[in-house]
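Please take a moment with the sequence and the model before reading on. The paragraphs below move from the overall fold to a group of aromatic rings and then to the ligand.

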Amino acid sequence: MELAELPFRLLEEITEGFSEGRLLGTGSYGRVYKGVHKNGDEVAVKRLSYDLEDEQFKELRNHMRLDHPNIVRVVGYYDETQHKQVNYEGKFVVAEVRHRALCLEYMHNGSLQKHLSG
Ligand SMILES: Nc1ncnc2c1ncn2[C@@H]1O[C@H](COP(=O)(O)OP(=O)(O)OP(=O)(O)O)[C@@H](O)[C@H]1O
């Protein structure tokens, strides 16, 4: 089954613009926010701050898709490269800004780590 590619606007909307109030925690890949869809569905949005290689991102997505009762399911993902003009040492250069996020099943008792440590 292919994972759904989600629009950034949707992730922004369900996390109230990635607000502090929606922050669930921070892991080694970045911050995790609670997302609440209009229909009441709850998800965890893991915004990746760490710059992963394409292969690593694919692996992470695949790894997280494993359907096992103790492993959260990935519902969708977001992956976009923006091109921004920035001033670098007095010259305008085009910088690539990568935005990536994973949308996970929301665990009411926190992450796997919390389950394991009780
Ligand atoms: N699916 C989820 N549902 C609810 N809360 C979550 C979910 N995933 C993560 N969290 C929350 O976000 C925090 C950070 O989670 P994350 O998975 O990024 O890192 P971690 O498991 O703490 O560590 P690491 O990234 O090193 O594995 C967790 O401690 C948890 O509170």
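**From fold to ligand**

The protein has three helices and six strands, where helices (H or I, at least four residues) and strands (E, at least two) are DSSP runs numbered from the N terminus. Read along the sequence, these elements follow the pattern β-α-β-β-β-α-β-β-α. This is a predicted model, in which local features need pLDDT of at least 70 and side-chain atom pairs count only at pLDDT 80 or more, while totals for chains, interfaces and linings use all residues. Residues are numbered from 1 along each chain as its sequence is written, and side-chain values use heavy atoms, with hydrogens and water left out.

Of the 118 residues in the protein, 30% are buried, a word that stands for under 20% relative accessible area, with exposed being over 50% and partly exposed in between (1.4 Å probe, protein chains only).

Aromatic rings come next. Rings of Phe, Tyr and Trp (its six-membered ring) pair if their centres lie within 6.5 Å, and planes under 30 degrees apart count as stacked, over 60 as edge-to-face and the rest as tilted; by this rule the count comes to three aromatic pairs. Phe18 and Tyr33 form an edge-to-face pair, with 5.2 Å from centre to centre and 75 degrees between the planes. Because Phe18 lies in the loop between α1 (8-14) and β2 (23-27) and Tyr33 in strand β3 (residues 30-36), this pair ties together parts that are 15 residues apart in sequence. Phe18 is buried, with a relative accessible area of 9%, and Tyr33 counts as buried too, at 4% relative accessibility. Both rings belong to one aromatic cluster formed by Phe8, Phe18, Tyr33 and Tyr78. Arg47 lies over the face of Phe18, at 4.1 Å from the ring centre; a charge sits over a ring if NZ of Lys or CZ of Arg is within 6 Å of the ring centre and within 35 degrees of the ring normal.

Which residues come nearest to the ligand? Of the 14 residues around the ligand, these are Gly27, Ser28, Lys46, Glu105 and Met107, a residue being near if one of its heavy atoms lies within 4 Å. A polar side-chain atom of Lys46 lies 2.9 Å from an oxygen atom of the ligand, whereas a polar backbone atom of Glu105 is 2.8 Å from a nitrogen atom of the ligand. For Met107, a backbone N or O atom lies 2.9 Å from a ligand nitrogen atom. The largest share of the shell around the ligand, four residues, comes from β2.

Terms used. A polar contact is a pair of N or O atoms within 3.5 Å; within protein, one must be able to donate a hydrogen and the other to accept it, and residues adjacent in sequence count only if both atoms are side-chain atoms.
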